[in-house]
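Let us walk through this fold. Keep the sequence beside the structure as you read.

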Amino acid sequence: MTDARAHAALSASTAPRWIRCPGSVRMAAQVAKERRPVHEFTERGTRRHAAAEWCLEHQQHASTWRDRFGASLSEEGIEAVQSYLDTIGADQETMPHAELLIECKADLSFIAPGMYSYADAILVTDTTAIVYDYKDGRVPVAPDSHQLTFYALHCWHAYDVERVEVVIVQPHAGGVKRKTFHGDALEAAAVMFERAAKATQALDAEIRPGLPQCRYCPAAFGCSALHSAVLVPPTLHQVQDSPEHMAATLDRVELAEATFKQIRSQAFWDAKQGRAPTGWKLIQGRPGNRRWTPEAAAALEAEAVRKGADPSALLEPAKLKSPAQVEKLLGKGAAEGLTTRPEGAPKLVREEEPGTPYTPAAEIAKEFG
Ligand code: SF4
């Protein structure tokens, strides 16, 4: 994640793009750095990665980074980074002789020249390698994603181990996710990467729009294939025609929503740099709710006494903390059997996403049974 580091055209983090849209490698190479879309949370993610890297290297708590460098890291950021450090720390305890590699080059140039990346951290012994990836975003990433498979393949090739495990620490989308890769899966992945890398070299490499590949593509603003996919709406009767048409339309709706969000995010960034779009301006947001200062309790108690009121009336009655907070204090399982949970509303998601199938029959039984 270090900025000075050269970015490979065929990197792990961009693999979800270049595998699905081989032509994007050529397209992206033609876009000057200052013309690339800016993403709302990139700066925050870069900062948290820097904190994670430094704290891991110096074996420090995440808050130390903020205290030491005076850098901006919210309480939520400290907690997120610390969860990454704790995950690695817990594994280190079970593998005391493992070597810890931080920001380690994951090199697949044996598959194609210029195919490399940097893994956040790797623990390696004679038999096992564990790759860690900190993700700050809210779009869930699966541990068998192309990016993580890239790192796993590097470990398999570089360390000659029996077992490769990948660990994603994504505090805002699913927490810690793990997956163990076996040799046959990695051999198949090597073949897939080789084919995909070759496809990017073709003069007429295909340009194929879709959500995962376009979301972070540097060429998004100048890509006519993406613009046609997003801006030419299907007719309504096509949408209602069949479930297949509806599915294809939903794909385009998701792509359009992501693209428009990106445009808003770019406009916001431009405005912050003093280049507000014509007819738009940046204003200060509505202030948050009032909060008491540390001196408030004593001052208000004295005021209540002065006015002959009962000072205890100023206080909220004591209230149990949330089950998660209680389990943090009393240990996992302390809330078992003592909680209830309202059912979630039905949600339309893609077939491959996890979750209990929604059955309208159960809903009806509940209403009338
Ligand atoms: S914007 Fe999408 S379709 Fe266009 S080059 Fe990038 S990934 Fe491919």
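A nonpolar core is a set of buried Ala, Val, Leu, Ile, Met, Phe, Trp, Tyr and Cys residues joined through C-beta atoms within 7 Å. Buried means that 20 or more other C-beta atoms, placed from the backbone, lie within 10 Å of a residue's own. This is a predicted model: local features need pLDDT of at least 70, side-chain atom pairs count only at pLDDT 80 or more, and totals for chains, interfaces and linings use all residues. Numbering starts from 1 along each chain as its sequence is written.

The largest nonpolar core holds 60 residues, of which Ile-122, Val-131, Tyr-151 and Ala-152 touch the most other members. Helix H6 (residues 146–159) gives the most, with seven residues. Both domain 1 (39–201) and domain 2 (220–272) contribute, so the core lies between them. Those bounds come from an automatic or database domain assignment.

Now the sheet. Helices (H or I, at least four residues) and strands (E, at least two) are DSSP runs, numbered from the N terminus. Two strands pair if DSSP finds at least two bridges between them. Five strands form an open sheet with mixed pairing, ordered S1-S2-S3-S4-S5. S1 (99–107) and S5 are the edge strands, each pairing on one side only.

Strand S3 (residues 128–134) runs parallel to S4, with seven bridges. Here Val-131 stands opposite Val-166 in S4. Strands S4 (residues 163–170) and S5 (residues 175–181) are antiparallel and joined by seven bridges. Val-166 also stands opposite Lys-179 in S5. Four residues lie between the strands of this hairpin, where Gly-174 takes a positive phi near 100°.

Terms used: A residue is buried if 20 or more other C-beta atoms lie within 10 Å of its own, exposed if 12 or fewer, and partly exposed in between; C-beta atoms are placed from the backbone.
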